[in-house]
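Dear colleague,

Please find the structure below, together with its sequence. My notes follow it.

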Amino acid sequence: MSQSQSQGKLYIVGIGPGSVEHLTKKAEQVLIESDYVIGNGTYIDQVTSVVKNAEIIRSGMGGEVERAKKAVELSRNHVVSIISGGDANVYGMAGLVLEVAEKEGNVELEVIPGVTAISAAASLLGAPIVNDFAVISLSDLLTPVEMIERRLRAASESDFVIALYNPKSRTRKQNFAMAIGIIRESRSDENTVGIVKNATRNGESVIATTLGKVMEYDDVIDMSTTVIIGNSESRLWNNRIITPRGYQRKYRY
Ligand code: SAH
């Protein structure tokens, strides 16, 4: 541990998509070393089997600002892990915690990377990304809907593979249909779509389909789902999606 004025340190830890087997060794190590582990209930449940000595602070969904402030405050004199599902940089706690730390000043911190939902979902689908991709969250809690629409349109027109995070919540069900509508303006009905729910945890399910049929699965899609829209070269194979990297343009196999 470095010799700063205080003995404290703040780790912002990505804990992976669900199963503890997908927690990195580094994340496990800092959780074991911590005096405090702070996170919302679902994420705390994900890591209780590896947290041995730390005092656990559970906070509710929506209490992110308070949680970040508390973590920064405690880290002045203690080793603290604030945890985020997946990777803390991908719609996770890293941004808010660094903003709070920037205000408070002189906080020793380190961000620990994790396996993000798109990596877990893509693995279950086989090889749907493998080329340039865009990641777009459909949550309009912190981003105006017009901005989300603009980004969807640009990514779709540019033939990016598109991963949709936060496709639906309990109170916000219409954004998914809106996104599919925008994407269909510039893509064919045969364009591939992968739907992955609860990757690496209980209730895991994987569906490979097309843009023309995706709304038949509307009821499946919820806040535990990541949707991956292939590009114009992606194809279906055995409930999987293959997006070619481009080898076929250069080699015969
Ligand atoms: N920081 C997280 C993402 C937080 S946003 C990460 O890096 O993965 C929450 C969204 O992530 C969910 O609405 C869903 O779209 C996606 N997600 C998180 N865990 C998932 C899982 N196990 N399976 C499928 N999608 C998941």
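Which residues of strand 8 are buried on one side, and which on the other? Val-161, Ala-163 and Tyr-165 are buried on one side of the strand, and Ile-162 and Leu-164 on the other, so that both faces are covered. Here, buried means under 20% relative accessible area, exposed means over 50%, and partly exposed lies in between, with a 1.4 Å probe and protein chains only. Because five of the five residues of strand 8 are buried, this strand is largely enclosed by the rest of the structure. Strands (E, at least two residues) and helices (H or I, at least four) are DSSP runs, numbered from the N terminus.

Before going further, please note that this is a predicted model, in which local features need pLDDT of at least 70 and side-chain atom pairs count only at pLDDT 80 or more, while totals for chains, interfaces and linings use all residues. Residues are numbered from 1 along each chain as its sequence is written, and side-chain values use heavy atoms, with hydrogens and water left out.

Two strands pair if DSSP finds at least two bridges between them. Strand 7 and strand 8 (residues 161–165) run parallel and are joined by five bridges. Phe-133 has Val-161 of strand 8 as its bridge partner, and Ala-134 stands opposite Ile-162 in strand 8.

Helix 5

The buried residues of helix 5 are Ile-118, Ala-120, Ala-121, Ala-122 and Leu-125. Just after this helix, Gly-126 takes a positive phi of about 105°.

The ligand

There are 19 residues around the ligand, and Val-90, Thr-116, Met-223, Thr-225 and Thr-226 come nearest; a residue counts as near if one of its heavy atoms lies within 4 Å. A nitrogen atom of the ligand lies 2.6 Å from a backbone N or O atom of Val-90. A ligand nitrogen atom is also 2.9 Å from a polar backbone atom of Ala-199. The protein buries 91% of the 540 Å² that the ligand exposes when taken alone; such areas come from the Shrake-Rupley method with a 1.4 Å probe, and for residues only the protein chains shown count as cover.

Two threonines

Thr-225 lies in strand 11 and counts as buried because its relative accessibility is 2%. Its side chain makes a polar contact with the side chain of Asp-222 (2.8 Å). A polar contact is a pair of N or O atoms within 3.5 Å; within protein, one must be able to donate a hydrogen and the other to accept it, and residues adjacent in sequence count only if both atoms are side-chain atoms.

Thr-200 is found in the loop between strand 9 and strand 10. A polar atom of the Thr-200 side chain lies 3.1 Å from the backbone nitrogen of Ser-19.

Yours sincerely
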